[in-house]
Amino acid sequence: MKYNAKDPNFYASVGLPNGPDKEYVCIGVKASNYFMPAETLSEKGPGGGGWILMDMNLAVKTREGKVWSTDEQGYPRIFAIGDCNYGCVDGPGPMDNWPVPAIPKISYPGEEEAIVAIRNIEKVDKLVFRGIKTTNMGYPIELATMHWPWGAGMFATSLGPDDACFVAGANWVKNSGLMCVWGSPCAVQKEIIEASKVDECAFGFVGRLIWHFVHHTPVHLFGGGPRWGY
């Protein structure tokens with residue numbers, strides 16, 4: 001059954017022959033970054049734009065590509081992560097050629113961006129306030145760059161209390177990904193994800209044991225992340 005608010009037969013078929021008293025539309029996304037200067041907000045994007053622009057370090061930038069929040073030494077101090085940012089670092093040509101193609105506004109990429117931003121804050125602190133210029137291995141300290149997170153292509157979608165579907169391997173290409181789990185097993189999978197994530201947020205041992213290395217992978221053998229992790 002396809003939703004059609006303009007068709008009276010649709011409402012009759014769902015037991016509302018006279019239509020609803022009030023209709024709420026809760027779909028899509030909309031930016032709420034009114035507190036940021038217009039020069040730092042996108043002119044395009046989901047919901048008509050208004051998303052915070054960021055560079056490869058996740059630092060806030062202007063529409064001209066200039067980092068908006070540098071200190072006297074040129075290091076960025078304000079970063080945009082999660083739903084508030086533009087969700088990509090665009091460039092000329094098709095999206096396949098962008099530095100970071102469009103990322104879904106879901107929890108996994110937001111957590112991955114948080115790790116990158118936190119590492120960059122720690123590195124700026126070492127460089128500016130502690131006078132540390134190299135790593136323990138003697139390499140110059142450089143800010144970490146963002147990448148398209150592999151986990152951004154995994155979606156577990158609830159279809160009721162006893163049904164769900166899980167898609168993996170999706171990316172910015174239309175119709176990409178593969179539905180690999182569905183039905184009641186996927187509903188159980190979602191329960192496990194929810195329970196373990198809540199336990200991690202409560203600093204529980206089991207939750208941290210399950211989820212810590214998802215964003216703290218010590219070695220990346222594929223994907224856009226750094227070889228030796230963050």
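Me: Over how many bridges do strand S1 and strand S2 pair?
Reply: This is a predicted model, in which local features need pLDDT of at least 70, side-chain atom pairs count only at pLDDT 80 or more, and totals for chains, interfaces and linings use all residues. Residues are numbered from 1 along each chain as its sequence is written, and side-chain values use heavy atoms, leaving out hydrogens and water. Helices (H or I, at least four residues) and strands (E, at least two) are DSSP runs numbered from the N terminus, and two strands pair if DSSP finds at least two bridges between them. S1 (residues 155-158) and S2 (residues 164-168) run antiparallel, and the number of bridges joining them is 4.

Me: Which residue in S2 is the bridge partner of Ala-156?
Reply: S1 and S2 form a hairpin with 5 residues between the strands, where Gly-160 has a positive phi near 125 degrees. The bridge partner of Ala-156 in S2 is Phe-166.

Me: Which residues does Met-179 contact, leaving aside neighbours within four places in sequence?
Reply: Met-179 sits in strand S3 (residues 178-182). Contact means heavy atoms within 4.5 Å. On that basis, the partners of Met-179 are Cys-165, Phe-166 and Val-167.

Me: Is Met-179 buried, partly exposed or exposed?
Reply: Buried means under 20% relative accessible area and exposed over 50%, with partly exposed in between (1.4 Å probe, protein chains only). Because its relative accessibility is 44%, Met-179 counts as partly exposed.

Me: Within what arc do the buried residues of helix H4 fall, seen down its axis?
Reply: Helix H4 (residues 205-215) has the buried residues Gly-207, Trp-211 and His-215. The arc is taken from the directions from the helix axis to the C-beta atoms. These residues line one face of H4, because their arc is within 50 degrees.

Me: Which helices do the buried residues of H4 pack against?
Reply: The face of H4 turned away from the buried side carries exposed Phe-205, Val-206, Leu-209 and Phe-213. The buried residues of H4 pack against helix H2 (107-128) and helix H3 (184-201).

Me: In what order do the elements of the chain run from the N terminus?
Reply: The chain has 4 helices and 3 strands. From the N terminus on, their order is α-α-β-β-β-α-α.

Me: What percentage of the residues of the chain count as buried?
Reply: The C-alpha trace spans about 70 × 45 × 35 Å along its principal axes. Of the 230 residues of the chain, the buried share is 33%.
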